[in-house]
Amino acid sequence: MMKGLVQFLVAKIILLALASSFVYCYDPNPLQDYCVATNETNGVFVNGKFCKDPKLVTANDFYCSGLNIPGNTNNRLGASITNVDVSLIPGLNTLGVAIARLDFAPGGQLSPHIHPRASQIILVLKGELSVGFVSSNEYNYTLFSKVLYPGDVFVFPIGLVQFHANNNKKTNAVAFSAYGSQNPGVIPVGNAVFGSNPLIDPKLLAKAFALDVNIVRHVQKVFSSDADIVN
């Protein structure tokens with residue numbers, strides 16, 4: 001009896017030790033000063049990118065310019081995003097941050113979209129922006145919205161549907177956006193639902209959105225040929 005109890009306790013201790021090892025052997029934080037992304041494929045692979053030889057890293061790996069230049073808003077939505085992510089600054093790899101410039105023509109907007117891998121904070125520099133996000137079903141699809149003016153800041157939780165729109169029909173608007181990911185990703189709701197490849201069955205969408213199937217087919221034609229503005 002005593003021998004069996006001892007064996008049981010030893011087995012339990014071993015399992016706990018293994019479980020602890022699995023927990024503590026994973027660390028989402030960088031374990032080196034930096035891991036500059038490179039197109040070479042013979043280095044260490046970290047967070048989706050190969051690391052550049054630290055001896056070859058320069059200041060330019062952590063630098064880019066051009067966010068003072070307005071983006072092209074000559075498109076259907078009248079908006080533009082100039083992203084600065086790991087593809088532009090290789091030194092962002094493993095650092096968990098990115099930034100973007102948002103430009104809006106008069107009345108322009110970034111239609112409802114989701115950033116699946118990052119929370120977001122926005123700072124308005126010029127103009128007047130109407131922004132907001134919608135909570136999940138757990139919180140009754142509550143809309144949190146605000147009109148922002150120069151100097152105002154607004155935060156968007158990760159993975160929730162959000163939008164940005166220039167309220168003013170006469171002047172441009174400019175904002176800067178920061179993300180809690182080197183590659184936040186984006187899912188424009190309209191493009192994903194009505195412009196998927198291949199297209200979702202229009203009858204299914206007609207029932208889901210309480211629309212006539214011909215309206216769905218028309219919207220699918222618009223989105224399937226529409227350039228993705230939110231990127």
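Visitor: At 1.5 Å a residue, what should the 12 residues of helix α4 (residues 213–224) span?

Guide: The expected span is 1.5 Å times one less than the number of residues. For α4 that should be 16 Å, and its end C-alpha atoms are 16 Å apart, which agrees. Helices here are DSSP runs of H or I with at least four residues, strands are runs of E with at least two, and both are numbered from the N terminus. This is a predicted model, with local features needing pLDDT of at least 70 and side-chain atom pairs pLDDT 80 or more, while totals for chains, interfaces and linings use all residues. Residues count from 1 along each chain as its sequence is written, and side-chain values use heavy atoms, leaving out hydrogens and water.

Visitor: Which residues of α4 are buried?

Guide: Buried means under 20% relative accessible area, exposed over 50%, partly exposed in between (1.4 Å probe, protein chains only). In α4, Val-216, Val-219, Gln-220 and Phe-223 are buried. Seen down the axis, they fall within an arc of 105 degrees (taken from the directions to the C-beta atoms), so they line one face of the helix. They pack against α2 (189–194) and α3 (202–208), with contact meaning heavy atoms within 4.5 Å. Asn-214, His-218 and Lys-221 are exposed on the other side of α4.

Visitor: Is Leu-125 buried or partly exposed?

Guide: Leu-125, in strand β7, has a relative accessible area of 44%, so it counts as partly exposed.
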